Amino acid sequence: MNFDPGEHPHQRFNALTGEWVLVSPHRSKRPWQGRREAPTSGDAPTYDPACYLCPGNERAGGAVNPPYDETFVFVNDFAALKPDVPPHSEDGPNALLRQETVQGECRVICYSPRHDRTLARMQPAEIERTVRLWQDQARDLGERWAWVQVFENRGEMMGASNPHPHGQIWSLDRMPAEVVKEDRRQRAFVQSHGEPLLVVYAELERQRRERVVVENDHWLAIVPFWAVWPFETLIVPAARHIPRLTDLDGAERAALAALLKALLVRYDNLFETSFPYSMGWHGAPFPGAEHAVGVQDGGEHGWQVHAHVYPPLLRSATVRKFMVGFEMLGRAAARPHRRAGCRAPEVAVGDALHRPLSRRQPRNVSVAVDVSGARIRSEQPLAARHPRHDTVPRPYAYDPP
Ligand code: H2U
Ligand code: ZN
């Protein structure tokens, strides 16, 4: 019997974190009688008088938003990190009760005054403004903090507190654990190979073309070889070494806006819902990191800026993946979508997302049917119900309750 990555349990190495991921492709066939999520409401008003983030409204802490007409940034009223905590550290007996203060700053960033927008439903020029906002914020906070984490929780399912298009920035005086792992791996790779890990990896994926979801002259969105979440993607520069978001030039910024639009529209169209996700940017730590825990230098030469996109949906707009049990107690376990005869499970995911829908119909149907389990299997495949368009989000249609 020969090894078939679309059928046989195996593990994959996450080159970026140095951890192994368990891949069990056959598990996508299991029936689901568990929790179904409420579908996202697609009909938000353009302005919601009860929204804490809409222009002119009062926030939960009592502050009033200005009547902003592009983007708006404010200090999080319920910040997880504060800049003025008194320094303190202690270990306790046998270093069993260690604790220390952490200083930082948290901000909320509104992408648009329009309550009903999402990044997928914004014009490329508006998305570009958001990219510029990420850059400006990273530059500003990077002067004071070792690590600046730009991220977005999109949708109730991923814990977003509000549908208004917004993200967050947490910046702090040290590197978080996930970032320390990536820092070590990228540092080691550039030392032994002479080129940054993600520069080499992006080139490999660009040549193989199996896991590329969207691409343009400057960016690639790929399903990483080591993906754990069902429709996980990694956004990486395609053309050159770019350590941080703040290093993008104008063309790269415009291209990133275009790529985000194309990727997020594909996500929305896949299950005909406003696709939930957690997305965030990783790049070289700022110079302040030289003094931060576990870091000797900024590590800039090994770092390539990238975004992780982690969507929770598994087989339809209402069935999500839970990271519980073995994933909590053992190691991260991927249960990627599977298509019969497909060489590797994550390739089917890339297929489902990236092919132009008019051309891909036969393949898309097989993916949609194959990944979605018994209940959906009896439905007419999505692609057959509506002629779909790659770049325009269609009005959401939901799974019947
Ligand atoms: P999330 O949707 O990802 O939770 O981000 C919204 C953030 O906005 C959240 O961290 C903050 C919350 O603390 N917030 C305010 O600072 N003021 C408000 O009036 C509402 C929400
Ligand atoms: Zn709003």
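## Strand E11 and the sheet around it

Ala221 stands opposite Ile235 in E11, and in this predicted model a further bridge to E11 sets Val236 against Leu220. Strand E10 (residues 219–222) is joined to E11 by 4 bridges, the two running antiparallel, while 3 bridges, again in antiparallel arrangement, connect E11 to strand E13 (residues 306–310). Within E13, His308 is the bridge partner of Leu234.

| Strand joined to E11 | Bridges | Direction |
|---|---|---|
| E10 (residues 219–222) | 4 bridges | antiparallel |
| E13 (residues 306–310) | 3 bridges | antiparallel |

In a regular strand the side chains alternate between the two faces of the sheet. Both faces of E11 are covered, with Thr233, Ile235 and Pro237 buried on one side and Leu234 and Val236 buried on the other. Because 5 of the 5 residues of E11 (residues 233–237) are buried, the strand is largely enclosed by the rest of the structure.

The open sheet comprises 9 strands in the order E3-E6-E8-E7-E12-E13-E11-E10-E9, with antiparallel pairing. Its edge strands, E3 and E9 (212–215), each pair on one side only, and neighbouring strands are turned by 20° against each other on average, direction ignored. Helix H3 (residues 197–208) packs on the sheet, where it touches E9, E10, E11 and E13, and its direction makes about 75° with that of E10.

Helix H1 lies across E3, E6, E7, E8 and E12, running at about 145° to E7. Its buried residues include Ile127, Leu133, Trp134 and Leu141, and what covers the buried residues of H1 includes helix H4 (250–271) as well as strand E12 (277–282). At 1.5 Å a residue, the 19 residues of H1 (residues 124–142) should span 27 Å, which agrees with the 26 Å between its end C-alpha atoms.

Notes:
Residues numbered from 1 in each chain as written. Chains lettered and ligands numbered in written order. Predicted model: local features only at pLDDT ≥ 70, side-chain atom pairs only at ≥ 80, totals over all residues. Expected span 1.5 Å × (residues − 1). Buried ≥ 20, exposed ≤ 12 C-beta atoms within 10 Å, placed from the backbone. Contact = placed C-beta atoms within 7 Å. Pairing = 2+ DSSP bridges. Axes fitted to C-alpha atoms, helices over the stretch in contact; angles between N-to-C directions.
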